[in-house]
Amino acid sequence: MSHHAIRWEFDRDEVNGYAVCTAPLDSDCRLVGGGTCGCEDWIVQRDEDGPFHTVPGPPPARHPMVDGGECQVVAHLNAGDPAELALGQQVFTIGTTPIEPHWEPGGYTWTRARARVDA
Ligand SMILES: [Zn+2]
Ligand SMILES: [Zn+2]
């Protein structure tokens with residue numbers, strides 16, 4: 001199960017993706033290095049004193065981690081374009097939208113239908 005997703009929104013001329021997070025408020029994805037930590041990469045560890053990461057030594061240093069106020073995954077992905085930040089060539093169906101076709105002289109147009117698509 002993933003706590004992160006891209007929500008795709010159709011707006012006639014474009015489809016936009018937005019990262020969303022459903023993780024609980026105490027999740028690792030909200031953590032950032034506290035104090036003077038300037039690390040860009042870490043493995044979150046937890047003990048009775050709270051979340052931290054270890055910087056290899058010698059001697060190894062303990063960097064406490066604090067809640068960054070928001071999901072860092074969402075913050076980073078939505079600061080850019082989530083579609084462009086997809087790694088590699090990923091081909092998948094975003095969704096299937098039931099439509100109401102409308103005949104107009106010259107061809108069909110459509111509006112979104114509220115009903116399910118019949119199999
Ligand atoms: Zn650090
Ligand atoms: Zn998150």
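Visitor: What average pLDDT does the protein chain have, and which element has the highest mean?
Guide: This is a predicted model, and the chain averages a pLDDT of 93, with 97% of the residues scoring at least 70. Among the elements, strand β7 (residues 99-104) has the lowest mean, at 94. The highest mean, 97, belongs to helix α1 (residues 72-79).

Visitor: In what order do the elements of the protein chain run from the N terminus on?
Guide: The secondary structure comes to one helix and eight strands. Starting at the N terminus, the order is β-β-β-β-β-β-α-β-β.

Visitor: Is the protein chain more spread out or less spread out than a compact globule?
Guide: For 119 residues the globule rule gives 14 Å, but the radius of gyration here is 22 Å, well over that. The C-alpha atoms fill a box of roughly 75 × 25 × 25 Å along the principal axes. Because the radius of gyration is well over the rule's value, the chain is more spread out than a compact globule.

Visitor: What percentage of the residues count as buried?
Guide: To count as buried, a residue needs 20 or more other C-beta atoms within 10 Å of its own. Of the 119 residues in the protein chain, the share that counts as buried is 5%.

Visitor: How many bridges pair β1 with β2?
Guide: Strand β1 covers residues 4-10 and strand β2 residues 15-21, and they pair in the antiparallel sense. Within that pairing, Glu9 stands opposite Asn16 in β2. The two strands form a hairpin with four residues between them, and their bridges number seven.

Visitor: Does Arg12 count as buried or exposed?
Guide: Arg12 is in the loop between β1 and β2. Its phi is near 60°, a positive value in a residue other than glycine, whereas most residues other than glycine have a negative phi. The cut-off for exposed is 12 or fewer C-beta neighbours; Arg12 has 5 inside 10 Å, so it counts as exposed.

Visitor: Which strands are the edge strands of the open sheet?
Guide: The open sheet has four strands in the order β3-β6-β5-β4, with antiparallel pairing. Its twist averages 45° from one strand to the next. An edge strand here pairs on one side only, and that describes β3 (31-33) and β4 (45-47).

Visitor: Which residue of β5 stands opposite Gln45?
Guide: β4 and β5 run antiparallel and are joined by three bridges. They form a hairpin with two residues between them. Across from Gln45 in this pairing is Phe52.

Visitor: What is the bridge partner of Val55 in β6?
Guide: Four bridges join strand β5 (residues 50-55) to strand β6 (residues 61-67), and the two run antiparallel. In this pairing, Thr54 stands opposite Arg62. The partner of Val55 is Ala61.

Visitor: Where is the cis peptide bond with omega near -15°?
Guide: A hairpin joins β5 to β6 through five residues, and both Pro58 and Pro59 are found in the loop there. Most peptide bonds are trans. Gly57 and Pro58 are joined by a cis bond with omega of about 10°. The cis bond with omega near -15° runs from Pro58 to Pro59.

Visitor: Among contacts between residues at least 6 apart in sequence, what share joins residues at least 24 apart?
Guide: Contacts here are pairs of residues whose C-beta atoms lie within 7 Å. Taking those at least 6 apart in sequence, the share joining residues at least 24 apart is 41%.

Key: Residues numbered from 1 in each chain as written. Chains lettered and ligands numbered in written order. Predicted model: local features only at pLDDT ≥ 70, side-chain atom pairs only at ≥ 80, totals over all residues. Pairing = 2+ DSSP bridges. Axes fitted to C-alpha atoms, helices over the stretch in contact; angles between N-to-C directions. Rg over C-alpha atoms; globule rule 2.2 N^0.38 Å. Contact = placed C-beta atoms within 7 Å. pLDDT = per-residue confidence, 0-100.
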